[in-house]
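Student: I would like a close look at a single part of this structure. Please take me through it slowly and say how each conclusion is reached.

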Amino acid sequence: MDLLISGLREAVSLIVSLDPRVLQIIFTSLQVTGTALVFAALLGIPLGAFLGLTSFPGKSVLVALLYTGMGFPPVVIGLFVFITFSSGGPMGFLSWLFTTRAMIIAQVIIAFPLIAGFTMTAVGGVDKDLILQLKSLGATKRQIIMAILKEARLGVLVSIIAGFGAIISEVGAVMLVGGNIEGSTRVLTTAIVLEARRGNFGLAISFGIILLAITFGVNFAMSNLPGRGRRQ
Amino acid sequence: MKKATKKFILLVLIAALMLTVTACGRGDEAAKRLILATTTSTYDSGLLGELMPQFEEEKGYDVEIIALGTGQALEIGRRGDVDIILAHAKELEEEFVAEGYGTERTYVMYNEFVVLGPEDDPANLKGTTDLGVALQSIEETASSFASRGDDSGTHTKELNLWDEYGIDVAGDWYNSLGQGMGDTLITANEMQSYTLADRGTYLSMEDQLPNLTVVFEGAEQLFNTYGVIPINPERHDVNYEGVQKLVEFFIRDDIQEKIGKFGGDEFAQPLFFPAAD
């Protein structure tokens, strides 16, 4: 109990004192996860919408693959990215290993099946009559898709929140491909592992509290988005 | 709908900006970037945090340190993902050099392993001066022992010691954790186990380990040498020029002296002994 209280106190003092090393870690976390989330959404939402709206032979295989991707151990994805970007690997020439870029790629791969899967479910749940109605009114295909995505926006938002939650809290993959380098690839989760290993439980728990606060803040902001949209 | 599109475009622009920012920090400085892989115990001691800023300032390189288990450090060295390795598993490292992955091992410093155990010392290690007898008595009393179990330098060292005295570690008393040094110490502290640790990591964490104390020390077999190995430039595209400067830096007189003094203020005794000794 003492540790939790002193951890909380340390977390507050770390943030209040604007310790540059801590700010750097927070910034890297947000930069990596934010960038990865945008790319994952760019890939996942169209794919999810496509799968939710069409049917074609072999779709069930694709959907099963997507669901497998949703439960894939992140550290295995990390290993895959590591091997791909390692200097002997197919993308080794880029020298992206142990940079935030490799971390972003790993996080995109982790988040995009979640976003696609949840979007697919949300889009599939939209009333079929709406589609018929839109068609009868002479809407173009693009207009129909945008209307459906708008109708399913809450579900799409949940998909993004799920993707965000999965990658901001992930540690195995980013540790492997980022290397937890101070001042460049250290993020909140890997900093927690490092401090716990060193026995600095107070500092580790305060990083945990900061991570929790950020996740809560971002989720709170995101879940207020549709409400604002409705009022306008 | 228009608003959503605008928001979307804005997000994409932000993402593009982030990538550009990330990119600027890299490409131009690639020639000045050195990646050093080391073991978690070395990293956690804080020695490199003390030495590397001086090197960076003197020579204008940017040294990025990655802390891994020895097995992993040597493996990414084989793959050419780092420029230089600082480790303490002499046999494994000499093999690494013999196989042509590294140019040569330069001896930098050494430290000492100690056997830690619970205060009440059920196997009575405090009462012996012979390492073989000490280890034997852990086995005979079936006292709990926490092993790193992660193919690290410390783990390799520990296995060699059991092997040397012909002790079979298959019993229930032997716990192979698969964890780093810090985690292993914390586990041993909770389990009231014996364990083998380098003195530096133990001293730096002593406050968090109230149940552990040094029960055996000083045997010659417990010395632990650290070396740096540049990755062979003929095999991989590494920053060999920078690496050579780093090796020279490590064995320079004033740096050796610094290594010998490191930790002395905080722990009443230094954590490492310079190779020059």
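Tutor: The model is predicted. Start with a pair of strands: β1 of chain B, residues 33–39, runs parallel to β2(B), and seven bridges join the two. Within this pairing, Ala37(B) is the residue that faces Ile66(B) of β2(B). Strand β2 of chain B covers residues 62–68, and six of its seven residues are buried, so the strand is largely enclosed by the rest of the structure.

Now take helix α3 of chain B, residues 47–59. A check on its length comes before anything else. The helix has 13 residues, which at 1.5 Å a residue should span 18 Å; the C-alpha atoms at its ends lie 19 Å apart, and the two values agree.

Next, consider which way its residues face. Leu47(B), Met52(B) and Phe55(B) are buried in α3(B). An α-helix has 3.6 residues a turn, so residues three or four places apart point the same way. On the other side of α3(B) are Gly49(B), Pro53(B) and Glu57(B), which are exposed.

What do the buried residues of α3(B) pack against? Their partners in chain B are β2, the helix α2 (40–45), and the helices α10 (240–251) and α11 (253–261). After α3(B) comes Gly60(B), which has a positive phi, near 75°.

Most residues other than glycine have a negative phi. Asp121(B) is not a glycine, yet its phi is positive, at about 50°. Asp121(B) sits in the loop between β4 (106–118) and α6 (131–140) of chain B. It has 15 other C-beta atoms within 10 Å, and is therefore partly exposed. Asp151(B), also not a glycine, has a positive phi of about 60°. The loop that holds Asp151(B) lies between β5 (145–147) and α7 (153–164) of chain B. Asp151(B) has 18 C-beta neighbours inside 10 Å, so it counts as partly exposed.

How values were computed:
Residues are numbered from 1 along each chain as its sequence is written. Chains are lettered from A and ligands numbered from 1 in the order in which they are written. This is a predicted model: local features need pLDDT of at least 70, side-chain atom pairs count only at pLDDT 80 or more; totals for chains, interfaces and linings use all residues. A residue is buried if 20 or more other C-beta atoms lie within 10 Å of its own, exposed if 12 or fewer, and partly exposed in between; C-beta atoms are placed from the backbone. Helices (H or I, at least four residues) and strands (E, at least two) are DSSP runs, numbered from the N terminus. Two strands pair if DSSP finds at least two bridges between them. The expected span of a helix is 1.5 Å times one less than its number of residues. Two residues are in contact if their C-beta atoms, placed from the backbone, lie within 7 Å.
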